[in-house]
Amino acid sequence: MPDTSPLAAEDQHSRRILDLVARGEARSRSELAALLGVAASTVGLKVQSLLDAGVLQEAGDGTSRGGRRPRVLQIAGDGIVLSADLGGQHARIGRHSLSGALLGSESIAIDLAEGPDATLARVAGVFDRLGADTRIHAIGVSLPGPVDILSGSVDQPSRMPGWPGFRVGEHLAGRFGTHVAVDNDANLAALGEHRAQFGHTHHSITVKAGTAIGSGVIVDGYIHRGATSAAGDITHTRIDGSGDIPCSCGNTGCLETVASGASLVRQMRERGNDTVRTTADVLTLARDADPLATSLVRTAGTHLGQALSGVVNFFNPHAVFLTGGMSASEPFIAAVRSRVYEACHPLATQRLRIEPAMTGADAILHGAARLALEGMDVAAG
């Protein structure tokens, strides 16, 4: 659940202020105080810290409703926020306004197996170019493995040699002299999609289903990480009847061994189709009505729905969003819906939405920028 300590509450006020101003829902301190339900003095202090940090700016006087005219607030236009979504063989780099809006993105080739220094040097080169003629206010980075939020490093990742314990946030902050936020890809995809759909209200789960499977949990608009940042990890849920295929975690029969894109490729090749090499190859065959590919995709969706059904019954979210390559497959999504609705209590699914993420491939970039923006005032203080 979100941290409810007094300090965390103050930080959340700043985050809400940024979001409300960016969305155009509030243009003055008085409007912010009314929407947040807090004292005008509290809003005044937080707004001043954001003005001092260069995140907000005043833009003249608003309309008076009796008394002194309010000063109009807006997101400061000078500068950008950068984001990076690091995958095994590629990275997507985003350039954002201070409202969090994605202004543009590009992809570069990387190899995580080369280690953090070489990988981050390539990413930093793009950052240098994108920020050459403006101020970089903050940077958000997504990593494809468990992340220790306090240290900004990956924690017990698989297939990331040289990365465990490397402080990605400190490394980039030292080079660029700005606030850097680091989290795993599933959490940031969840944050990006949820904020686009619901803002700071509601609860949701976002599942990233591609070569691997991951998921993030959002409670009242904020990432729920759990005691050891392992919340939302349905990847290693045991699936009944899935056999004894070994998983990277050391167990057998985990969801990832039967429902991930990598598992579909393996199953296609085991059944004699040696031309299939990627998840996209399997999905293309399914779109072309290949019987085996379609069957495997549907079965993968059913397995994911089985894993999600217990989570939906327990957590009762407003929505389950699907992103990643497999979210483009209607048979996959239909199978997830069917299994969840069949296995869950009617109250849990009464208003439940299960649908592809509207932010698509940009969900992680949106989430990385949003997390970076929300830490700016904390870093400045």
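Me: Where is Ala334 found?
Reply: Ala334 is in helix α11. Helices here are DSSP runs of H or I with at least four residues, strands are E runs of at least two, and both are numbered from the N terminus.

Me: What kind of model is this, and how are residues numbered?
Reply: It's a predicted model, where local features need pLDDT of at least 70, side-chain atom pairs count only at pLDDT 80 or more, and totals for chains, interfaces and linings use all residues. Residues are numbered from 1 along each chain as its sequence is written, and side-chain values use heavy atoms, with hydrogens and water left out.

Me: OK, back to Ala334: what does its relative accessibility make it?
Reply: Ala334 has 29% relative accessibility, so it counts as partly exposed. The cut-offs are under 20% relative accessible area for buried, over 50% for exposed and partly exposed in between, with a 1.4 Å probe and protein chains only.

Me: Which residues of α11 are buried?
Reply: Phe332, Ile333, Ala335, Val336 and Val340 are buried in α11. Looking down the axis of α11, they fall within an arc of 160°, so they line one face of the helix. That arc is taken from the directions from the helix axis to the C-beta atoms.

Me: Why would residues a few places apart line up like that?
Reply: An α-helix has 3.6 residues a turn, so residues three or four places apart point the same way.

Me: What do the buried residues of α11 pack against?
Reply: They pack against β10 (203–209), α10 (291–315), β13 (319–323), α12 (346–349) and β14 (353–356). Contact means heavy atoms within 4.5 Å.

Me: And what's the span of α11?
Reply: α11 covers residues 330–343, so 14 residues, and reaches 20 Å from its first C-alpha to its last, close to the 20 Å expected at 1.5 Å a residue. The expected span is 1.5 Å times one less than the number of residues.

Me: Switching to rings. How many aromatic pairs are there?
Reply: Two. Rings of Phe, Tyr and Trp (its six-membered ring) pair if their centres lie within 6.5 Å; planes under 30 degrees apart count as stacked, over 60 as edge-to-face and the rest as tilted. Phe127 and Phe176 form an edge-to-face pair, 5.7 Å centre to centre with 70° between the planes. Phe127 lies in helix α4 (residues 116–130) and Phe176 in helix α5 (residues 168–176), so this pair ties together parts 49 residues apart in sequence. Phe127 and Phe176 are both buried.

Me: What about Phe198 and Phe321?
Reply: Phe198 and Phe321 form a tilted pair, 6.0 Å centre to centre and 40° between the planes. This pair links distant parts of the chain, 123 residues apart, with Phe198 in helix α6 (residues 185–198) and Phe321 in strand β13. Phe198 and Phe321 are buried too.

Me: Is α6 mostly covered or mostly open?
Reply: α6 is mostly covered, with twelve of its 14 residues buried. Among them are Asp185, Glu193, His194 and Arg195.

Me: What does the charged end of Arg195 sit over?
Reply: The ring of Tyr222, 5.2 Å from its centre. The test is NZ of Lys or CZ of Arg within 6 Å of the ring centre and within 35 degrees of the ring normal.

Me: Which residues of α4 are buried?
Reply: Pro116, Thr119, Leu120, Val123, Ala124, Val126, Phe127 and Leu130. They cover an arc of only 155° around the axis, which puts them on the same side of α4. Their cover includes β3 (80–86), β4 (90–96), β5 (102–109), β6 (136–143) and α5.

Me: Which loop holds Asp220, and what's its phi?
Reply: Asp220 is in the loop between β11 (213–219) and β12 (222–223). Its phi is near 50°, positive in a residue other than glycine.

Me: And Asn316, what's its phi?
Reply: Asn316 has a positive phi of about 55° without being a glycine, and is found in the loop between α10 and β13. Most residues other than glycine have a negative phi.
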